[in-house]
Amino acid sequence: AVLVGDNSYYDTLLQYAQNGITLPADPSSLILPRGEGAPTLGVDALPATATVCSCHNVSKGSICSAIDSGCTDLAGIKACTKAATGCGGCTALLKQVFEHELMARGVAVDKSLCEHFAYTRQELYSLVRVEGIESFAELLTRHGKGAHGCDICKPAVGSILASCWNRPITEPSLVPLQDTNDTFMANMQKNGTYSVVPRIPGGEITPDGLIAIGAVAKKYDLYTKITGGQRIDLFGA
């Protein structure tokens, strides 16, 4: 089945399924438009054993422990637990869990897009639109800090500029702001490194081919795994 529309609760619903969390008396209320009395979903419903990052097997409990150990920003959580440093698919859920746990501990939550911009994405959109800003460099100079930006703010600003001024993201001035997956034939990870999936036509490979992949992984100290799609993936390039 395919559900089209608001997918904001996908991560939580997935955790319900994975962790066997007891459903409400009316399960349909979890996916149908909310009405008065509809159950409230949120990361607080997830048990400590719930897996947040499947790439590195990081649970909600591990994230809570990292917070209790002194991690008070996402960068620290990622460095401590490695959550969201693999494929990046859990980034949104990690952020939700992190912010919820901080607020539960009475800590103010910073809504900044990243370390370079002390604004949310929506606020940056408004700044670009109202002030007629047409480049990342101009936005960074006026409202940001640092010299280069990062893998969080650059794609976000690139998308904002393309949306505001109807310019294709393939325009030369915008290309450097985009993820470089297609350019380098690798998948950019959230920590700025790449994951490389060797092409193995038909899945058939010789012993020498396997040894070559292993030699490369060993030489560059790459984290290596067999993915759910039965492919070899090298992380940290």
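A: Start with R105 and E101: their side chains meet in a salt bridge, with N and O 2.7 Å apart. The term salt bridge means a side-chain nitrogen of Lys or Arg within 4 Å of a carboxyl oxygen of Asp or Glu.

Some ground rules. This is a predicted model in which local features need pLDDT of at least 70 and side-chain atom pairs count only at pLDDT 80 or more, while totals for chains, interfaces and linings use all residues. Residues are numbered from 1 along each chain as its sequence is written, and side-chain values use heavy atoms, with hydrogens and water left out.

Back to the pair. E101 is buried, at 9% relative accessibility. R105 is partly exposed, with a relative accessible area of 34%. Buried means under 20% relative accessible area, exposed means over 50%, and partly exposed lies in between (1.4 Å probe, protein chains only). The whole structure holds 5 salt bridges. Side chains of opposite charge can pair when their charged atoms come close.

Next, K95 and E99. Their closest N and O atoms are 2.5 Å apart, and they form a salt bridge. Both residues sit in helix 4, 4 residues apart, about one turn of the helix. Helices (H or I, at least four residues) and strands (E, at least two) are DSSP runs, numbered from the N terminus. An α-helix has 3.6 residues a turn, so residues three or four places apart point the same way. K95 is partly exposed, at 31% relative accessible area. E99 is buried, with a value of 10%. E99 also touches V109, D110 and K111, leaving aside residues up to four places away in sequence. Contact here means heavy atoms within 4.5 Å.

The largest nonpolar core has 22 residues, and I63, I77 and L94 touch the most other members. Strand 1, helix 2 (60-68) and helix 4 (91-104) each supply at least two residues of this core. Helix 4 gives the most, with 5 residues. A nonpolar core is a set of buried Ala, Val, Leu, Ile, Met, Phe, Trp, Tyr and Cys residues joined through side-chain atoms within 4.5 Å. Look at I77: not counting residues up to four places away, I77 touches I63, A66, I67, C71, K82, L94 and F98. Apart from this core lies another, of 20 residues, including C114, F117, L127 and I160.

The side chains of R142 and E131 meet at 3.0 Å, N to O. This pair links distant parts of the chain: R142 is in helix 6, E131 is in helix 5, and they are 11 residues apart. Both ends are partly exposed: R142 at 44% relative accessibility, and E131 at 32%.

Now the hidden side of helix 6. Its buried residues are F136, L139, L140 and H143. They cover an arc of only 100° around the axis, so they sit on the same side of helix 6. The arc is that of the directions from the helix axis to the C-beta atoms. These buried residues pack against helix 5 (121-131) and helix 7 (153-165).

Now the end of the chain. Strand 5 and strand 6 (residues 232-235) pair in the antiparallel sense over 4 bridges. Strands pair if DSSP finds at least two bridges between them. T224 has L234 in strand 6 as its bridge partner. The two strands form a hairpin with 5 residues between them, and Q230 in the turn has a positive phi of about 60°.

Two loop residues deserve a glance. Most residues other than glycine have a negative phi. N57 lies in the loop between strand 1 (51-53) and strand 2 (58-59), and is exposed at 61% relative accessibility. D221 also has a positive phi, near 55°. D221 lies in the loop between helix 9 (207-219) and strand 5 (223-226), and is exposed at 70%.

Finally, the setting. The protein has 9 helices and 6 strands. Buried residues make up 34% of its 237 residues.
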